[in-house]
Amino acid sequence: MATYVLAIDQGTTSSRAILFRPDTSIAAVAQREFPQHFPASGWVEHEPEDLWETTLATCREALDKAGAAARDVAAIGITNQRETTVVWDRASGRAIHRAIVWQDRRTAPLCARLKDEGHESLFTARTGLILDPYFSGSKIAWILDNVPGARARAERGELAFGTVDSFLLWRLTGGKVHATDATNAARTLLFDIHKGEWDEDLMRLLGVPRSMLPEVRDCSGRFGESDAALFGAPISICGIAGDQQAATVGQACFTPGMVKSTYGTGCFALVNTGDAPVASRTKLLTTIAYQLDGQRTYALEGSIFVAGAAVQWLRDGLGIITDAAATGQLAEDADPTQQVYLVPAFVGLGAPYWNPDVRGALFGLTRGTGPAELARAALESVCYQTADLLAAMRADWPQADGAETVLRVDGGMVASDWTMQRLADLLAAPVDRPVVKETTALGAAYLAGLAAGVFPAPAQFADLWRVERRFAPAMSEPLRKAKLAGWREAVTRLVMPVG
């Protein structure tokens with residue numbers, strides 16, 4: 001009987017492979033970084049061969065570390081940086097342009113034109129998204145319009161589009177399978193999340209031929225088999241989900257109202273809203289959390305652009321720390337009488353503001369403000385922004401209002417006990433840090449293992465989830481309200497400056 005499930009976690013700066021045992025413990029991990037390309041201001045690209053080669057190398061390395069062979073792996077699951085766009089030649093499997101990364105802003109003029117023509121309401125109604133360069137559809141259009149001959153080739157059916165999961169699936173299966181899952185399809189601006197199908201009207205508006213698009217499947221199911229030459233024998237590929245949705249699954253957020261928040265460079269919070277999509281009035285995104293057995297489960301998602309990046313700024317920009325881990329102790333030592341607020345709008349503000357034009361600011365500085373106070377302000381800024389997201393979720397989805405919120409957290413920042421305690425204090429809600437912190441990869445492994453018979457149904461899998469530590473709120477209500485009011489005033493001053 002196969003012993004492991006292999007999770008491929010293809011991210012923005014590195015590719016990782018993790019071998020999970022049936023009890024969700026980790027047998028081996030391998031990781032490799034790859035270059036980032038910035039050919040112009042606001043442009044971000046990856047070389048697709050780098051994505052493939054690092055993925056293949058880490059899979060082989062993880063197997064070697066565990067002393068495992070292909071026969072020991074029940075299934076492969078894939079999770080990926082969402083929205084990043086690859087267009088390749090169906091005959092050769094080679095990309096016709098570098099991958100355009102989710103952070104890339106080159107298609108802002110196209111999105112602005114579509115907005116000016118009055119199309120955003122249609123896109124939002126069908127996809128749950130806003131018209132923004134963040135998503136894949138406008139990136140496909142840019143490649144077709146800027147690579148010589150690409151549009152004509154696409155019309156002839158010679159080219160394929162995929163988010164990174166789809167590109168990796170194509171390569172793993174030796175070009176036999178062109179498919180994706182519902183969560184990645186839902187981030188393209190081309191997929192009707194209500195009907196569960198590609199939308200002809202949206203394809204026409206963006207100029208994307210239907211022949212380019214992959215088949216959309218459940219997150220858990222048999223997508224195909226890896227080419228035998230890659231690992232010595234075929235391995236079934238049985239699970240796919242975009243990274244934030246995979247983390248939602250890995251956190252076992254299967255019940256409506258459950259919330260997970262991932263803290264990396266930015267922060268992504270999702271609340272499970274069940275089988276009904278909730279239209280946001282607060283500029284959150286409506287998306288698919290996962291799809292199993294043809295049944296879609298929906299989520300509201302809020303994106304914070306700067307979370308861990310604020311700590312990186314303290315280290316690399318200001319030079320007041322040499323190690324990110326030092327911020328927690330600095331924050332603990334900060335003068336409690338100083339109320340310093342950092343609004344980290346280094347690249348604008350994400351949800352629920354979606355203001356790309358504002359820039360960061362510090363409020364409340366005194367002559368006594370030093371590194372400790374700045375460290376506390378940076379960490380608290382992440383907590384305040386999370387509070388904004390949860391407030392928006394409650395406003396959009398009344399079922400969440402009044403119910404106890406427990407936030408399940410993952411990502412690099414959750415290692416800081418001080419930050420997680422302050423998060424619980426400012427949310428007035430418990431914050432649960434899991435035993436298995438690799439929740440994104442675990443979600444991909446679970447989806448694959450579910451189809452392969454390694455992992456149980458969602459309700460039973462949820463029983464395997466274990467909390468490593470619960471952070472219970474301990475701050476007094478008057479202090480919490482005062483601190484949140486100060487944050488709201490700081491954001492208001494930044495977004496709507498006096499005079």
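The model is predicted. Its largest nonpolar core has 100 residues. Strand 2 (residues 14–20) is largely enclosed by the rest of the structure, because seven of its seven residues are buried.

**Nonpolar cores**

- Within the largest core, the residues with the most contacts are Leu190, Met212, Tyr263, Leu423 and Val431.
- Helix 13 (residues 371–396) supplies the largest share of this core, 13 residues.
- A second core is separate and has 37 residues. Among them are Ala30, Leu51, Cys59 and Val164.

**Around Val431**

- Neighbours within four places in sequence are left aside here.
- Val431 then touches Leu407, Val409, Met420, Leu423 and Ala424, and its contacts also include Arg469, Arg470 and Phe471.

**Strand 2 and its two faces**

- In a regular strand, side chains alternate between the two faces of the sheet.
- Both faces of strand 2 are covered.
- Ser14, Arg16, Ile18 and Phe20 lie buried on one side.
- Ser15, Ala17 and Leu19 lie buried on the other.

**Partners of strand 2**

- Strand 1 (residues 4–10) runs antiparallel to strand 2, and six bridges join the two.
- A hairpin of three residues links strand 1 to strand 2. Across this pair, Asp9 stands opposite Arg16.
- Strand 3 (residues 26–33) also pairs with strand 2, through seven bridges, and these two run antiparallel.
- Five residues lie between strand 2 and strand 3 in their hairpin. Thr24, in the turn, has a positive phi of about 75 degrees.

Technical notes. Residues numbered from 1 in each chain as written. Predicted model: local features only at pLDDT ≥ 70, side-chain atom pairs only at ≥ 80, totals over all residues. Heavy atoms only, no water. Core = buried A, V, L, I, M, F, W, Y, C linked by side-chain atoms within 4.5 Å. Buried < 20%, exposed > 50% of the residue type's maximum accessible area, 1.4 Å probe, protein only. Helix = DSSP H or I, 4+ residues; strand = E, 2+ residues; numbered from the N terminus. Contact = heavy atoms within 4.5 Å. Pairing = 2+ DSSP bridges.
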